[in-house]
Amino acid sequence: MAWRAPACRCFETMLTKCCGFKEGCKQTRLLKPDNLTSLHPSGVRNIWLSFARRYTSTHTTVDPDELKKFQAWSLRWWDEEGVYSALHSLNDLRVPFIRDTLISKNGNHELGSPLLGVKLLDVGCGGGVLSEPLGRLGAAVTGIDPLENNIRTADLHKSFDPDLDSRIQYTACSLEDMEDDAAEIYDAVVASEVVEHVGDLESFIKCCHNVLKPGGSIFITTISKTPLSYALGIVVAEKILGIVPDGTHDWEKFVTPEELERVLESNGFAVETVNGMLYNPLSTSWSWIDSTSINYALHAVKTAPPEETFSTEQPPEEEQSTPKVDAHLGTTP
Ligand SMILES: C[S@@+](CC[C@H](N)C(=O)[O-])C[C@H]1O[C@@H](n2cnc3c(N)ncnc32)[C@H](O)[C@@H]1O
């Protein structure tokens, strides 16, 4: 097995950033010259490669400013009337959406445990509000979140249910931390209410592609980027009604279904379903709607390897003159 540098575990809120030479940082200790001399030369090279790749890349999926928001509420995931109440009630839509889509793809299923045999990655699982019901449906769930405190809460909560304890594994890490070990091992990836918080959407989608088996499903729920989503999602939900704390969302990071489809399709996915969702603050419940201009749920399937976006090679002469076909916008010159 390839030697891997351990991730820094001492930064106070997240695993994906090095603490910057704080006492006790594994990554830093390993990088000190006296420790380097006792390591195998290939191990030393790998430390530097991993370090350079992770911390000099502008394509990280994690945005530290976004994580700071969630750090403050890491003990509140299971307060059904607290800051995450809308996520609890969102389960009424998203759990059947994921369950029924996977059942229709997989055919045979066991009554009571329809997701038995499905290996599912819940990215940005928070305190496990979605991972748990998916585990109860029989799926073998891996929940990951860059915030260690979220994972502690999720681990503690599932430990109260012995059945879930064996079905769900939580790890504090980001997608890019797990990629090498997890290539093409999942039947489904779920990223619910996460893409509006990531650092680089394209990198995030590429990582999801890497961990999925060919033909595997990705489920995303998120908020669209429209004037209406600003009015309802930020002004009404955060500033007037306080459904979620003020500052939870940054409208600039929202993504329209068209843009998300474009990113997915240029990275080896075929989008199969996009459904609009609406939250009613009076009944504290969600319903499906036709419009995707506020919240929406999307399902796509992994079809092909992602396009090589950083190639410096020029295509052969005849290819250069071929018009480029965009799945959504038609033929462009
Ligand atoms: C709104 S919460 C959603 C939690 C959970 N998916 C749910 O719906 O119950 C967003 C979560 O995404 C996590 N997160 C933020 N950036 C992330 C990233 N780049 N990769 C994975 N998770 C991330 C946060 O720590 C937080 O737990």
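Is Glu193 buried or exposed, and how many C-beta neighbours does Glu193 have inside 10 Å?

## Burial of Glu193

In this predicted model, Glu193 has 21 C-beta neighbours inside 10 Å and therefore counts as buried. The cut-off for that class is 20 or more other C-beta atoms within 10 Å.

Glu193 lies in the loop that runs between strand 4 (186–192) and helix 10 (201–211). When residues up to four places away in sequence are left out, Glu193 is in contact with Leu87, Thr221 and Thr222.

## Burial and contacts of His197

His197 is likewise placed in the loop between strand 4 and helix 10. His197 counts as buried because 23 C-beta neighbours fall inside 10 Å.

Residues up to four places away in sequence again being excluded, the contacts of His197 are Asp63, Glu66 and Lys253.

## Surroundings of the ligand

The shell around the ligand holds 24 residues, of which Gly124, Gly126, Val129, Glu193 and Val198 come nearest. By residue class, the shell comprises 13 nonpolar, eight polar and three charged residues.

Helix 4 (residues 64–71) supplies the largest share of this shell, namely three residues.

## Annotation from the record

An unreviewed UniProt entry assigns the feature "binding site" to Glu193, Glu196 and His197. Of the residues in that annotation, Glu193 is also among those that come nearest to the ligand in the model.

How values were computed. Residues numbered from 1 in each chain as written. Predicted model: local features only at pLDDT ≥ 70, side-chain atom pairs only at ≥ 80, totals over all residues. Near = placed C-beta within 6 Å. Helix = DSSP H or I, 4+ residues; strand = E, 2+ residues; numbered from the N terminus. Nonpolar A, V, L, I, M, F, W, Y, C, P; charged D, E, K, R; others polar. UniProt positions renumbered as here; feature names shortened; annotations may be inferred. Buried ≥ 20, exposed ≤ 12 C-beta atoms within 10 Å, placed from the backbone. Contact = placed C-beta atoms within 7 Å.
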